[in-house]
Amino acid sequence: MTSYGFPRDVRLLTAGDYRSVFDDVQIKVFGRCFMILARPNTLPHPRIGQILAKKNLRRAVDRNRIRRLTRESFRLNKHQMPAMDLVLLTQKGLSDLSSEEYAHQLNLAWKRLETLHRKKLSGQKSDHKSRGKRKPRPEK
């Protein structure tokens with residue numbers, strides 16, 4: 001039977017856990033007002049940590065809402081995710097998103113994470129690196 005709980009073993013708990021993700025970021029997924037950093041782990045399941053800066057989410061009620069929605073989305077989607085350590089970082093403007101829009105953005109990010117992980121395993125380059133060169137700016 002599939003467990004949909006959020007026990008301690010699916011959370012990044014120590015500073016060392018967070019540091020290992022920051023030191024060895026292999027996948028970055030961007031949402032509208034957040035970023036997810038990821039690296040593979042040796043466990044059979046993914047783990048998540050959240051960094052919600054007071055600078056980006058002023059009110060405690062907003063930080064708690066984002067924390068709660070992130071946990072819920074992760075809890076429901078962790079069974080489809082690869083075994084990775086994830087850190088969610090917030091950016092300005094996140095408090096302006098509705099709960100439904102934020103949940104939708106997270107679901108898109110989880111799917112993107114899974115796709116990028118599969119590409120990395122198969123040895124392909126990720127999308128943002130294989131797009132080619134930028135167009136030169138016209139001179140004034």
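**Exercise 1.** Which exposed residues does the face of α1 turned away from its buried side carry?

*Solution.* First, the ground rules. The model is predicted, with local features needing pLDDT of at least 70, side-chain atom pairs counting only at pLDDT 80 or more, and totals for chains, interfaces and linings using all residues. Residues are numbered from 1 along each chain as its sequence is written, and side-chain values use heavy atoms, leaving out hydrogens and water.

Step 1: find the buried side. Helix α1 spans residues 15-23, and D17, Y18 and V21 are buried there. Buried means under 20% relative accessible area, exposed over 50%, partly exposed in between (1.4 Å probe, protein chains only). Helices (H or I, at least four residues) and strands (E, at least two) are DSSP runs, numbered from the N terminus.

Step 2: check the arc. The buried residues of α1 fall within 95° seen down the axis, so they line one face of the helix. The arc is that of the directions from the helix axis to the C-beta atoms.

Step 3: turn to the other face. It carries A15 and D23.

**Exercise 2.** Name what packs against the buried residues of α1.

*Solution.* The partners are β2, β3 (47-51) and β4.

**Exercise 3.** Find the buried face of α2 and its cover.

*Solution.* Step 1: list the buried residues. They are D62, R63, R65, I66, T70, S73, F74 and N77.

Step 1: check the arc. These residues of α2 fall within 160°, so they line one face of the helix.

Step 2: look at the cover. It includes β3, β4 and α3.

Step 3: Beyond its neighbours within four places in sequence, W110 is in contact (heavy atoms within 4.5 Å) with residues including S73, F74 and N77.
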